[in-house]
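The exercises below are meant to be worked through with the sequence and the model side by side. Try each task before reading its solution.

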Amino acid sequence: MDTYEKISVLLSTAFYDGATVPHCRTCRGYLAVWMMENDIFDSIVNGNISYELCRPISIYNMWFARSMATRLARAVLRCFPILIVAAFIQQPYGIDTPASLPHFLLFVLSLILGLAVTVTFCLLVYVLAFFTISPQGLRIVFISCVEFFSGAVIPLPFFPDHIRSIMELLPFASMQNTALRIYSSSIGADEIRRAIELQGFWLVVLTAAGKLLCRVVVKRIIVQ
Amino acid sequence: MITMEHVCKSYKIAKRNAGFGEACKALFHREYETIHALNDVSFTIRDGEMVGYIGPNGAGKSSTIKILSGILTPDSGTVLVDGRVPHKNRIDHVREIGVVFGQRSQLWWDVPVIDSFSLLKDIYSISDICYQQSLEELTTLLNLSELLRSPARQLSLGQRMRCEIAASLLHRPRILFLDEPTIGLDAVSKLAVRDFILRQNQTHKTTVILTTHDMQDIESLTSRILLIGKGQILLDGSLDDIRTGNESIDATVAELYRTYNI
């Protein structure tokens, strides 16, 4: 563990609950925004997108399916070793069982929603990449924003209350934290409902924005 | 039936001079040059026809193919392919066409070719029976049986091109667009590809539109040629129309380009 990770372990122990720690690592492979698909950027830059436009599916749906699949595949491949090791490790680094069955079901629901929110957010970046010659800049800007707003740079609890309450309404917190906090039951029933509603809300907004933008882009696309 | 009437398409290209200063200037003020890729292009192609589309580099051949396959939206003019407007009903349209871009690859790079094919089967929702039939037919005709299990990245260009063509025909399109299908192929592969295209046109009555710089392709495949230069159709006729004597076909075409000053 490097220093950053040690600190984030300490912080999450302090602010959420020790049980979340091993999950953080699993979830990174699954929900991390910076894991965008290079294939998609490449196809936009080098024009292989022509072939994707020759398929009888909307590119938005195709990319959505593809990103979901990549992330799920990676998470599934990675999670077992981590979970097995975590099962044998002592507290506070070990893994707790979820607080109750409903908590676990809500955790799964929230995890799926979190994944969908992350993917739709990435899709927005892919679509925006049509407007630029190189998507590198877009990528850096978006990833930095996500890191800042999701509390990866400065943990959210360190922000002043009124700023934090705004940041918690943004989609970035609902990408990663919600599921973990439900699992460890560090938030109450009311908060869980609000958090899941927020995820649902962002999912709808991001999908609508992505689809709309995609339709505009496909009309004015130029392929050499 | 394919009709294009008075189709225009232009691109805007940002230009600047060399140097750091110019690069900074371009951040604030950019100069664009408009290039008319297609300028009032009209033609009609009947079902089952095989048409060679020729012209020098940058004449607008690929733009035409991309407009016909629904990828690009024309600036003006009407395009109708079997009663559909390609760029408006893109999804319905592409179900009925097959496209091969000789310079690109539609096969997934790391997985065996057969996996790419079965993914295409799902994308086009081809029924199991149809898929098996097409696959068998294409495998025999294009001699693919040895190639299907290797990843696309390890195939030679000629082998890959045969697979690319098969991939574009799995869903049995009625129209096939080939954009430089024989580019970079050796003599044997070229002959195999030509032979296959010819047979496909005869047995399945597939309409074929072919762009190429290889005049032997045109000579052995197509009865009708369309010559495009500077975004305009300059000639629509048969090879015999342009033959001037018994020079080689390449010399004839070079002569033709010179007369049209393109």
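**Exercise 1.** Which element gives the largest share of the lining of the second largest cavity?

*Solution.* Before starting, note that this is a predicted model, in which local features need pLDDT of at least 70 and side-chain atom pairs count only at pLDDT 80 or more, whereas totals for chains, interfaces and linings use all residues. Residues are numbered from 1 along each chain as its sequence is written, chains are lettered from A and ligands numbered from 1 in the order in which they are written, and side-chain values use heavy atoms, with hydrogens and water left out.

Step 1: a cavity is a set of points, on a 1 Å grid over the protein atoms alone, where a 1.4 Å probe fits but cannot get out, and its lining residues have an atom within 4 Å of a point. Grid points are joined across faces, edges and corners, and a volume is the space filled by probe spheres set on the points.

Step 2: the second largest cavity holds about 30 Å³ of space, and its lining consists of Phe43(B), Ile45(B), Tyr53(B), Thr64(B), Ile65(B), Leu68(B), Ile209(B) and Leu226(B). Two or more of these residues come from each of β2 (31–45) and α2 (61–68) of chain B.

Step 3: the largest share, 3 residues, belongs to α2(B). Helices (H or I, at least four residues) and strands (E, at least two) are DSSP runs, numbered from the N terminus.

**Exercise 2.** Describe the sheet on which α2(B) packs.

*Solution.* Step 1: the order β2-β1-β4 (chain B) describes an open sheet of 3 strands with antiparallel pairing, where two strands pair if DSSP finds at least two bridges between them. Its edge strands, each pairing on one side only, are β2 and β4 (76–81) of chain B, and the twist averages 30° from one strand to the next.

Step 2: strand β1 (residues 2–15) of chain B is joined to β2(B) by 11 bridges in the antiparallel sense, and Tyr11(B) stands opposite Ile35(B) in β2(B).

Step 3: α2(B) touches β1, β2 and β4 of chain B, and its direction makes about 120° with that of β1(B). Contact means heavy atoms within 4.5 Å; axes are lines fitted to C-alpha atoms, for helices over the stretch in contact, and angles run from 0 to 180 degrees between N-to-C directions.

**Exercise 3.** What is the strand order of the open sheet of 6 strands?

*Solution.* Step 1: the order is β5-β6-β7-β3-β8-β9 (chain B), and the pairing is mixed. The edge strands are β5 (97–101) and β9 (232–237) of chain B.

Step 2: strand β3 (residues 50–54) of chain B runs parallel to β7 (residues 207–211) of chain B, with 4 bridges joining them, and Gly52(B) stands opposite Leu210(B) in β7(B).

Step 3: helix α7 (residues 187–204) of chain B packs on this sheet, touching β3, β6 and β7 of chain B.

**Exercise 4.** Which residues line the largest cavity?

*Solution.* Step 1: the largest cavity has a volume of about 40 Å³.

Step 2: from chain A come Tyr51(A), Cys54(A) and Arg55(A), while Ile97(B), Gly98(B), Val99(B), Gln106(B), Tyr124(B), Ser168(B) and His171(B) complete the lining.

Step 3: the largest share of this lining, 3 residues, comes from β5(B).

Definitions and conventions. 1 Å grid on protein atoms, 1.4 Å probe; cavity = no way out; pocket = protein on both sides within 12 Å on 5 of 7 lines; lining within 4 Å.
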